[in-house]
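Dear colleague,

Please find below the structure that I am handing over to you. My notes on what was found in it follow directly after.

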Amino acid sequence: MNCPMVTKLRWSVSLLLLLVSVDGSGQHRPTYPHPPQAADTATVESVRPQASERAHLDPAELQQEVQELSSLAQDLTQDIDAVNRGLLPKDTVDKLKRVEKLAKRLRKKIAP
């Protein structure tokens, strides 16, 4: 009686091992895509303006633009006083646009 019980136990163990090995072989680790390579930093550096460009600024031209900006600002104070009295000088808007353009140009030249 002991022999059929051992045989049955052996069959059960071998069947169990076979099922475990078959079930385990179906599981595998998924392969995830690799992240993209970093962008080439040489192209980014070539786009930036070099500090040597700042050395090529024309001081006389900068001074002239600053003088023009200053005189426009003084004229605008008089125009704004007129606006407060209810009058709008015809060139006030043009002066404001010119001030804006000059300020933007100076800002780009000094701090590109």
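This is a predicted model: local features need pLDDT of at least 70, side-chain atom pairs count only at pLDDT 80 or more; totals for chains, interfaces and linings use all residues.

Residues are numbered from 1 along each chain as its sequence is written, and side-chain values use heavy atoms, with hydrogens and water left out.

Is L72 buried or exposed? L72 counts as buried because its relative accessibility is 11%; buried means under 20% relative accessible area, exposed over 50%, and partly exposed in between (1.4 Å probe, protein chains only). Leaving aside residues up to four places away in sequence, L72 touches K95, R98, V99 and L102, where a contact means heavy atoms within 4.5 Å. With V99, the C-alpha to C-alpha distance is 6.8 Å, although L72 and V99 are 27 residues apart in sequence.

The chain as a whole

The chain contains five helices and zero strands, and its elements run α-α-α-α-α from the N terminus on. Of the 112 residues in the chain, 9% are buried. Among contacts with a separation of 6 or more, 63% come from residues 24 or more positions apart. The accessible surface of the chain is about 10,300 Å², and carbon and sulfur atoms hold 61% of that surface; such areas come from the Shrake-Rupley method with a 1.4 Å probe, and for residues only the protein chains shown count as cover.

Helix α5 covers residues 92–110. Its 19 residues should span 27 Å at 1.5 Å a residue, and the end C-alpha atoms are 27 Å apart, which agrees; the expected span is 1.5 Å times one less than the number of residues. Which residues of α5 are buried? They are T92, K95, L102 and L106. Seen down the axis of α5, the buried residues fall within an arc of 85 degrees, so they line one face of the helix; the arc is that of the directions from the helix axis to the C-beta atoms. These buried residues of α5 pack against α4 (59–84). On the other side of α5, the exposed residues are D94, E100, K101, R107 and K108.

Salt bridges

Side chains of opposite charge can pair when their charged atoms come close. A salt bridge is a side-chain nitrogen of Lys or Arg within 4 Å of a carboxyl oxygen of Asp or Glu, and by this rule the count comes to six.

One of these salt bridges joins K109 and E65, with 3.2 Å between the closest N and O atoms. This pair links distant parts of the chain, since K109 is in helix α5 and E65 is in helix α4, 44 residues apart. K109 counts as partly exposed because its relative accessibility is 22%, whereas E65, at a relative accessible area of 5%, is buried. Not counting residues up to four places away in sequence, E65 touches L102, R105, L106 and K109. There is also a network of salt bridges that links E61, E65, R105 and K109.

A further salt bridge is formed by the side chains of D79 and K95 (3.1 Å, N to O). It too links distant parts of the chain: D79 is in helix α4 and K95 in helix α5, 16 residues apart. D79 counts as buried because its relative accessibility is 8%, and K95 is buried as well, with a relative accessible area of 15%. The side chain of K95 also meets that of D91 in a salt bridge (3.7 Å, N to O). D91 is partly exposed, at a relative accessible area of 34%.

A nonpolar patch on the surface

Finally, L9, V13 and L17 form a nonpolar patch on the surface, with about 300 Å² of accessible area together. Patches are made of residues with over 30% relative accessible area and no salt bridge: like charges are joined within 9 Å, and nonpolar side chains (Val, Leu, Ile, Met, Phe, Trp, Tyr) within 5 Å. L9 has its place in helix α1 (residues 2–25). L9 is exposed because its relative accessible area is 55%.

With kind regards

Notes: Helices (H or I, at least four residues) and strands (E, at least two) are DSSP runs, numbered from the N terminus.
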